[in-house]
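This briefing sets out the architecture of a two-chain model, topic by topic. Please consult the sequence and structure alongside the text.

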Amino acid sequence: MTDARLEIQRQLRRVAMRERALLIVGGGAAFTAVLAFGWVCGVMALNLGTRPPLGLAWLVLATAAVAAGWTAREVPAAGGLRRQALRAEAVRPVLAGELLTVLDRSSRPLGSEVLVERMALRVAGPLRAIPPRELVPTRTAGLPVLMAVLASVLLALSSVLPLGPASILTAYAPGASPPAPTLPVGGPRAVVGDITLRYLYPTYTGLSPMEVPNSNGDIHAPPGTTVEIRARAQVAWTSVRLEAAGVVSPAEIGADRGLRTSLTVAAGTPEDAIWRFQFDGPAGPMVSSDYRILVDPDLAPQVTVDVTAPRVSAAVDQSVGIPWRAHDDYGIARVVLEIREGGKTWEVPVRAPLNPTTDLDDRLALTPTEMKLRSGDTAQIRVKAWDNDAVSGAKAGWSAPIQLTVAGAGRDLARLRSARKDVRDALVLVLGDFLVDDQPAIKLPADGPGWAKGALARYDAYDTLVGTSWSGGEGVAADRAAMTQVDDTRRALFGLIRALPASDRLADADGAAIVAAQGAHIEALEGAILLFGQMIQVAALKDIERMAAEMAGDAEQMNKDFASLNAGNTPEALTRMDELQRMLEALSAAAAQLGDSSLGEFTNDSAQQLQGMLAEARKALREGRYDDAKALMDRVAEAMRQFADGLKDQQKRGEERSEALGNAMKDLKQKMSALQADQAKLQERTDQERQAHGASMDAAMAIWQEIEAHAQSAQSAATGVAAAAGPSGGGLSRDSRDLRAEADGLLDAARSKNAELARSRAEDVAQEANAFARLLVFMSRADGKAVPVAATTVPGIRADAEKVLALLDKLAQSQASPELQQALKKLAGDQQQLADRAQQIAEQAKSVAEQLPMKAPGLEKGTEQASAEGQRAAGAMRKGDPMSAAGGQQSAQDGLEEAQQALEQAEQAMAEMSQSEGQGEGQGGEAGKDGKPQNPNGGRDPNQNAPMMAIPAPEEFQTPEAYRKALMEGMQGNVPDQYHSSNLRYYEELVRQ
Amino acid sequence: MASAVVGAWLLARSGEAHAGDVAKGTACLAAADLTCAQAASQGLGSTAREEAFLADLAFHEQHFDEALRLLKAAAGPSPEGATADLIDLYKATVEATAGFVSETRGDVTVAYLPGTDEVLLDDTFTTLQAAHDRIGPRLGGAPPGGIRVEIYPTAARFIAASGIPAASVQTTGVVALSKWSRLLVTSPRALARGYAWKDTIAHEYTHYIVAYNTGDKAPVWLQEGIARSHEVLWRRDGFEDLPAYQQSLLAGALAHDTLVPLERMNPSMAFLPSAEMASLAFAQVATMIQYLDTSVGADAVKHALVEVRAGKDALAAVADIGAGGNSDAFLAGWKAWLRTQKLVARDLAAMPTVIGESDDLATDPLLAGRKDLAGFVRLGDLLLTAHKPQAALIEYQKASDDKAPASPALGVRLARVYHALGDDLRAISTLQATIADYPEYASSHKELGDLLERAGKRDDATTEYLASADINPFDPDVQTALATLYAASGNAAEAARRQRYERILRLGGSPPTAAPEKKP
């Protein structure tokens, strides 16, 4: 399409748009005009005391819509370009015929394009010269707009009337009466007295009707309340109306001038709302005094939760046990738990009381699983309570949010505890049998297999448990370490028995080895049993503390719930007592885990005493001695509180002990670390002195290096011999082990440059090697079963030992220079101080080790080594022996390193144990405000072996009020006298169900 | 202390009406003469200082609410210093005695919390009446105006009412007190294993008698010497040997000449550097009084107290009576006399004072500090429970340390093992040995009672059960056993009493219809 033709189309389109806009404006203006006019009419009618029917209002609206539609009816057609072309041709005759032709040919090419183009060029100019307003004048929308403006002005003017434009909205609000024009209020008021207000509250509030005689007229009521008004006028008026919150409604006046009317307090009643009478009489209209309408708003429920921290955690199967409390002015209809996690929010029902109550409190018994949460989730939870407002609609109130972190299953921990107890009990039986074994267990080597068979059977129960309940990956490091120790010493003992050489007598050495192995195994069993026992006790104590705290809380609550006992609440009281009874039984079961301790006895005695008291209370209740029952229940509550307090004290002391141990460990760790650093510094100074003054010591150093090389060679060879001899080599095996032990000792002594010890060890190695060589010769002669590798290696071991002895002789002749000796003597004092510190640390380590729940042999051994080697180093320095001094210093540091590692392992194990036993307990287990549960989150702790007893919510066993009423009516029904008693009993039973 | 504070305050405000009566009354209270103070109080109450004195008197009379009200009124709206402290003490006492009821029989009034402590009532009355009748005359006469006792159900309440620091109760074992003309006693159920509470009550009452007869001028060593030696005289005619532990301490100190000088015992035994030294000090002064009484006669102590009241130095007064005025001769004579006594020379340890419930080994003088040995005991317990008595015996034997003091908890367990192994004779002898060393360990008596009862030795069994109940009367099993034994022996009254105790213990107090009413 050419530019000329495009230009023509654009021009025509502009004109079309203008026409459309003006038509739409006109339509809107027509709508406004009709509506405003109708509104003005309505306002005037209201001011004349008449509310036009609602239908008329709708008619006005409809008329306005029709007027708008009519005015704007040509909007669709206005978009056509031909319409505008025709309009242009009409205005400019020069365009006649040509503009339309160009337009038509542009859309439907026909004939000569050249001619059309020339025609387009001809009409484009004149068309451009025509302004759009000439084609579509503004007056197109003029009339409707003028009408709208006029009507709006009228509407604005109507606001000066007593009832302004807004009164229309009030008049047509649902339930509203037609507003009345305000009568003159500046003048005298009609006298009204003897006002009596009778309040009829909404059913949902549960409030009984209330009559207020001689009222000052002010109304105080919640929304939805109907207030019946009675009063007396001073004069006999001809008619009366009630004006309330600007709305007029009928009222009655009697012959005795008595006034009677009523009003209903609406939810949206403004704060300054008033009510009054409007009177008509011969002297004209008059109003009474103003009386206030004060709306008591029904607020949303208030919800609180009793947690000490806004963050809690629970295992997936653990009840979070958070106490909550909800209060509402008139009643709680239902309570839910709102959960928000991962951007989603959902609710889980918590309580729905049968009969809405103003106060409701309970504990959240939901587990994360029941909340549809999974392990690892972190959710925000809020307790949400809905009120029962049937007038304004139910409103919700929320508690403060709590962040809930979901941990793994508590069931696993309960299973672990159970398995731990089973394993402990099995080990006790094993220990019992080993303890009464002879020492050594057998008299002859030939007895070995028989004894071993019987002794191995002792483990049947244990092995079965370990294979089933204890599936290997469970427990904490301390558990596993203890069991590994048991298994290792067991293997060693039975390996030794199996390896005994066939002989008609048990060699003394073999007997001693068996006794030692028995002792080691018994010690391992004892250690495992004590460790398990301690963990079981800790868990049991936690269970007891938790149960006691809960029972104290429940008993206290029960006492509150049953301020008085009577026949009506006996069934419920008995049910609650049953629950307490079951909790006490669970408590006794947990107490059994504490063993024969004062605490266990105390718990048991307390549980028995409480059960006795409960039994007595139940008896009194059944016999109708309600005062006695109540007195006993008071006593139960007090006794439970005292019991819980006693345990709390115990727990506090335990925590203090743990804290003291933790501090002692920390202190010990710091001291060991500091000593190790100081020892390293002193060793560095010793080395510096040696380097400064000890050129002659280079030779000594070289000798020590040579000694260490020979010791290493001997040790490697001895290890090979022992491996070749194997466990079943009888005497050969035993001797090879001895040889290896001596070679190990020699290497240690060489590394610590302990000349004295190295000499002793080298002599022993040489001696053992000689003995072993003789044994080899003997065995090869006897049965040719000598170990080939031993035959070639043992002489080498002996040679290494002899070489070490020779080098030690050579070393003894080499002395440090006088300067070096002098320097070492000066440093000896410092070394002695370090050795003394090491001695103190060793004593402290012993004390700490005694308090640890698991053995930490490295701790004592390491610190003792540090003390002894430090002492040796000091002695060597006083003698001017730099090599021994350096060796002692290094060995002391090694000992401290070992001790620190052992302490760290113990710390780690304790932390694991604490975490294991305290899971779900440490997250805010402080006292609640009422001194109630010291358990996780202030609520129930799920990590228990003992079952958790849940006190049922009242609605779970209460008879619904409606049902109860029906039954009561049934009880009162007419029956023959002879059946009256039976009838009563029958219905009483039903009520109790 | 309270009297001193109030007295000082009164002196500072002297010059008002009845000043003489107030000062006299205050002096009476300071001298433990309640009757005198009551007489002086007649007509007082019109001024603040008179109210303060009346408050002090009410506090002595066990009328704590009234005492607090009067003192607050006298002190005005913003009390400070010692007066504020005194108000705090009164408040603490009011709280500590909340819920108490009181009962009077004869000269004795006992305030207590209704509940299981009701089992203490009969014996408290009996003990104090006997002490009043038997100990009072030996020391110059019991104070007039009766005896007021409070039995506190928990250590916490006792601590609050006594004003003693909590740590002192644990470290020095103070569980009772004679103060403000009253006896403040902790219920034996507040301690892990009970204690010899009846002798303790008599001990505290003896302090009251001594204070009264000396105008409260006796120094600590004399007070404690008389109280410790006389505390048993309510139930027997002559003095009793010291506990074996104290004998062993005394024997060691005599041998090594490490006796505690008398002057070191002031101002209180509790301030001695160790519990062991405090025990030794008690043993010394108790035997000094025994020596005085034995060497001179039953009136010797009474005469010494008269001299002390007159203002004479206590040692000089004792020496006057016991050694013609020569203190050194008296002390030398005492040591010589001690050497003639057959003191236990074994190495024994003190029973630790453990407040509240705890692991039973924590109450053992040996095992409480030896976790290594305690572990063997636990293993033995498990083995015994698993019906492996022979193995249990081995573990228990491992828990013995020849170089360490004996352990009563271990003794009881060994006896159980011997019984399980059928060797009741050995079980009995083991328990008897344990009791000889640690007579205040209730479990030993109970265990021995069980064995003797099974052996048909009912009288001996009754004696042991009674000894157990005297230390820990809250064991319903012991009360049941006693009821059975008394019933079998035809002592229906005593059987009924024990049955009543057993029921009180089972129900946490008297049956509701028979329960004492709370005082308004």
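Which residues of S3(B) are buried on one side, and which on the other? Ile147(B), Val149(B) and Ile151(B) are buried on one side, and Arg148(B), Glu150(B) and Tyr152(B) on the other, so that both faces of S3(B) are covered. A residue is termed buried if 20 or more other C-beta atoms lie within 10 Å of its own, exposed if 12 or fewer, and partly exposed in between, with C-beta atoms placed from the backbone.

The model is predicted: local features need pLDDT of at least 70 and side-chain atom pairs count only at pLDDT 80 or more, while totals for chains, interfaces and linings use all residues. Residues are numbered from 1 along each chain as its sequence is written, and chains are lettered from A and ligands numbered from 1 in the order in which they are written.

**Chain composition**

- Chain A contains 26 helices and 19 strands, where helices (H or I, at least four residues) and strands (E, at least two) are DSSP runs numbered from the N terminus.
- Of the 993 residues in chain A, 41% are buried.
- Chain B has 24 helices and five strands, and 55% of its 520 residues count as buried.
- In chain A, 77% of the contacts with a separation of 6 or more are between residues 24 or more positions apart; two residues are in contact if their C-beta atoms, placed from the backbone, lie within 7 Å.
- In chain B, 61% of the contacts between residues at least 6 apart in sequence join residues at least 24 apart.

**The sheet of chain B**

- The five strands form an open, mixed sheet in the order S1-S2-S3-S5-S4 (chain B); two strands pair if DSSP finds at least two bridges between them.
- Strand S1 (101-105) and strand S4 (176-179) of chain B are the edges, each pairing on one side only.
- On average, neighbouring strands of this sheet are turned by 20° against each other, direction ignored.
- Strand S2 (residues 108-112) and strand S3 (residues 147-152) of chain B pair in the parallel sense over four bridges, with Val108(B) opposite Ile147(B).
- S3(B) also pairs in the parallel sense with strand S5 (residues 182-186) of chain B, over five bridges, and Arg148(B) stands opposite Arg182(B) there.

**Helices of chain B**

- Helix H7 (residues 121-138) of chain B lies across S1, S2 and S3 of chain B and runs at about 145° to S2(B); axes are lines fitted to C-alpha atoms, for helices over the stretch in contact, and angles run from 0 to 180 degrees between N-to-C directions.
- The 22 residues of helix H13 (residues 275-296) of chain B should span 32 Å at 1.5 Å a residue, which agrees with the 32 Å between its end C-alpha atoms; the expected span is 1.5 Å times one less than the number of residues.
- Of the 22 residues of H13(B), 16 are buried, and Gly297(B), just after this helix, takes a positive phi of about 140°.

**Nonpolar cores**

- In the largest nonpolar core, of 288 residues, Leu431(A), Val636(A) and Leu746(A) touch the most other members; such a core is a set of buried Ala, Val, Leu, Ile, Met, Phe, Trp, Tyr and Cys residues joined through C-beta atoms within 7 Å.
- Helix H14 (residues 508-561) of chain A supplies the largest share of this core, 21 residues.
- Beyond its neighbours within four places in sequence, Leu431(A) is in contact with Ile522(A), Leu525(A), Glu526(A), Ile529(A), Leu383(B) and Ala391(B).
- Another core, of 41 residues, lies apart from it and includes Ala16(A), Val123(A), Leu127(A) and Ala141(A).
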